[in-house]
Amino acid sequence: MSTSMHLNRLRKWFLASPPIEFAISRIRELLVGAIKQGPVPRHIAFVMDGNRRFARTHGIETVEGHNLGFEALARILEVCYRSGVKVVTIYAFSIENFKRSKFEVDALMEMARVKLAQMAQHGEILDRYGAKVRVLGRLDLLRPDVLAAVNQAVDMTSNNGDCVLNICFPYTSRDEITGAVRDTVAEYSKPLRSIGSPPPGSRTPFSESHIALNIRAQSQNTKGEDTNSDLDSTSESSTQGEDGPAPRRDTSKVYESGSSFSSSTTLHLGANPDGSNMKTVAAGKLMYPSPETITRQTLTSHLFTKDCPPLDLLIRTSGVERLSDFMLWQCHEETEIVFLDVLWPEFDLWHFLPVLLGWQRRVSNMRKNPDAEGNFDGTPEISEEDTDKSR
Amino acid sequence: MVSSRDSALLRKDTRSRGQKLSASDRESILRPYLPEPSELQRRPLGRRKKSTIRKTPIRTFLKSQVHLLVYTLIHLFFGIAVRLLQTYHAVLDRIFALVYYHHRTPELIRKDVKNLDRLPEHLSVILSLRKEEDALAVLMDEVAELVAWTASAGIPVLSIYEKTGLLKSCIPLLHEIITAKLSSYYGSPTQQPTLRLFAPHHSIYQPEEGPSKPSADKSNNDTVTVLLLSATDGRETFVDLTKTLAEMSQNGKLSPEDITMELVDAEISEITTHPSEPTIRSSIHDREDSDSDVPLKSEPDLLLVFGPLLKLDGYPPWHVRLTEMFCTGDNSNNMNGSGGSVEYQGFLRGLWHFAGAQMRFGR
């Protein structure tokens, strides 16, 4: 027991001695420079998990654990930006985390405020290196003084452009998606100008009356109400086009149109080409943009991460293997998700390197033979990266 | 890397909430660690490139050559390590596959999961269509196997995600194949668990040939619900929802402020938890027994990915919020198929992992 402690001390002393420290930092620099030679993910997200457990296992205060976690973040950010990653998104605080003890929440808020305020003092350095800080999430849930620090830091760096650090501060992905839906709806409810023509029938896999019911009840509705509301929903949707089956129809019919349904929904990616773009309500009323022009891109462009490149890599530490409401929309397609069994304060280049190397390996393999496994729709991000490099 | 002396200084500063050091103090600590500004500025502006970085051309060139060499070397060794690891896992997988085999016996499968602390209530699996000619047949067989294992393990809900949605277009055939597979596991229809197979916007499929619901003499009261998902149930569903909501808002039936997370959740969950009613006529009849149905859990507890790496590949995003994910790893070492093959040992490893247990050799 005591020998291991002594050994540990000796190790620490050894690692902290100037020549060794110098050598390690040289090796790190070399490795980072080497990573830069290959393809590098453009957007990485981290879930910084394990600060509390680290504090518990090492017998220090939770707040100290968070401080060490911040240091780990600084280390990793250095590695990322030096090796050419453009955007790093970190999960700093979940909306759910407000449920933690008041002491801890306050300490975290204080830490964020101090760090952001300190950053604002070094505006000149940030400008020189072109780093841009953005805070994603429900800023209205923050304390006023923290919010002020956030705004100051974001405003100061908003004109820089090369590297971006997204801090998801009080954030959950569901909240973000809901916000995107809400904003899209709000945008499409702004009238364009007033002309009139009857509304064309449209595909409505979601029954409107059902949504109205849900608003009223906000809970699971009973079957009885369901059939009542069915009557008006079917009468409303009776003018539906062929491309979309109503939610409640004859079974066999739905099966027949099943494939065409899925293909039609996937293919309408771009905006509708012709006059159907403009939708008008009843005569003499206002004119709105047609909801049919809403695509996946529309929703994506209403997310917090709208101007970021697609997420290439998501890393979660501490061995917990779920997303915990982080970047659900962004990471559910081509993102590689990695769960590491290391607590965040311990996380360093040495854990990060194998992940990066594996990514580089797969990407270069994919580039060599694009038909091979895992590559479904010709990765566009790689071609862009190529042009990046050749510049 | 920050030296330990400087990091101690900074830590002390943090503890005192940033009071100890002034802004210029911190800057002087930081300065040695910042890269040369000239090193970075060549990227944003092409014009400045020539004037600034040509100071030490030979050194820059040598540096980049060294980095390239290191890069090549690292990847060489990393590749070897990865191959070795792959081989190791492949061998391990074979051993597990030998030790743990289901022998098409539900009792054996139940025994394998008996000691686990917890089982998922809703298991979800990502499958991928291969590129061979009989891809669909292989896929359907995999689905049938998975249904049989899930039913045997006592997991009530299984959702299968396949990107293209091909499975949804052949539900009757799939139902037939699953039933055949279940009978090879369980024997006669009365001993089989009840199968409910559906996809979003589809009703529960019931085969036409006669009343195949002998509820009286059924000795097995288990029900296994199979939900088929595809890429259209992901982002496309949100697009549809947004379209409907936008239309409602344009018609003044709803204001954007009414859109809450609860509403979106209710609407999105509806699709995957409630199969649509077959027809208006039979819905009256159906309601009698659908009352007894427990509402499905829309969020899967465990997501199994049969493949070399964890990629969601378009899986519906809303529900994976708290889902544990498990990737069976690269067990298709032969590099010809896309995605790993579905094996019982992988399925079992996922369940063991979910329960926080280690897999052992020997039952």
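Residues are numbered from 1 along each chain as its sequence is written, and chains are lettered from A and ligands numbered from 1 in the order in which they are written. As the model is predicted, local features need pLDDT of at least 70 and side-chain atom pairs count only at pLDDT 80 or more, while totals for chains, interfaces and linings use all residues.

The model scores ipTM 0.81 and pTM 0.77. Chain B has a mean pLDDT of 79, where pLDDT is the predictor's confidence in each residue, from 0 to 100. In chain B, 76% of the residues reach 70 or more. Over residues 279–293 of chain B the pLDDT is below 50. This stretch has eight contacts in the model beyond near neighbours in sequence; two residues are in contact if their C-beta atoms, placed from the backbone, lie within 7 Å. Residues 333–338 of chain B also stay under 50 in pLDDT. For residues 333–338 the model has nine contacts beyond four places in sequence. Where pLDDT is low, the predicted coordinates should not be read in detail.

Chain B comprises twelve helices and six strands. Helices (H or I, at least four residues) and strands (E, at least two) are DSSP runs, numbered from the N terminus. Of the 363 residues in chain B, 38% are buried. A residue is buried if 20 or more other C-beta atoms lie within 10 Å of its own, exposed if 12 or fewer, and partly exposed in between, with C-beta atoms placed from the backbone. Among contacts in chain B with a separation of 6 or more, 71% join residues 24 or more positions apart.

Six strands of chain B form an open sheet in the order β3-β4-β2-β1-β5-β6, with parallel pairing. Two strands pair if DSSP finds at least two bridges between them. β3 (194–198) and β6 (324–327) of chain B stand at the edges; each has a single partner strand, so one side of each lacks a neighbour in the sheet. The twist averages 20° from one strand to the next. Axes are lines fitted to C-alpha atoms, for helices over the stretch in contact, and angles run from 0 to 180 degrees between N-to-C directions.

Strand β1 (residues 122–127) of chain B is mostly covered, with six of its six residues buried. B:H122, B:S124 and B:I126 point one way, B:L123, B:V125 and B:L127 the other way, and all are buried. In a regular strand the side chains alternate between the two faces of the sheet. β1(B) pairs with β5 (residues 302–305) of chain B in the parallel sense over four bridges. B:S124 has B:L303 as its bridge partner, and B:I126 has B:V305. Six bridges join β1(B) to the parallel strand β2 (residues 157–162) of chain B. Here B:V125 stands opposite B:I160. The chain passes from β1(B) through α7(B) to β2(B) in a right-handed β-α-β crossover. A crossover is right-handed if, with the strands pointing away from the viewer, the path from the first strand over the helix to the second runs clockwise.

The largest nonpolar core has 146 residues. Such a core is a set of buried Ala, Val, Leu, Ile, Met, Phe, Trp, Tyr and Cys residues joined through C-beta atoms within 7 Å. A:V181, B:V143, B:V147 and B:I160 touch the most other members. Helix α7 (residues 135–153) of chain B gives the largest share, ten residues. Neighbours within four places aside, A:V181 contacts A:L299, B:F238, B:L241, B:T242, B:L245, B:I259 and B:V264.

Chain A also holds an open sheet of six strands, in the order β3-β4-β2-β1-β7-β8, with parallel pairing. Its edge strands are β3 (131–136) and β8 (336–339) of chain A, each pairing on one side only. Neighbouring strands are turned by 15° against each other on average, direction ignored. β2 (residues 87–91) and β4 (residues 163–168) of chain A pair in the parallel sense over five bridges. A:I90 stands opposite A:I167 in β4(A). Helix α4(A) lies across β1 (43–47), β2 and β4 of chain A, running at about 160° to β2(A).

A:I60 is found in the loop between α3 (51–57) and α4 (62–83) of chain A. A:I60 has 14 C-beta neighbours inside 10 Å and so counts as partly exposed. Leaving aside neighbours within four places in sequence, A:I60 contacts A:A55 and A:G65.
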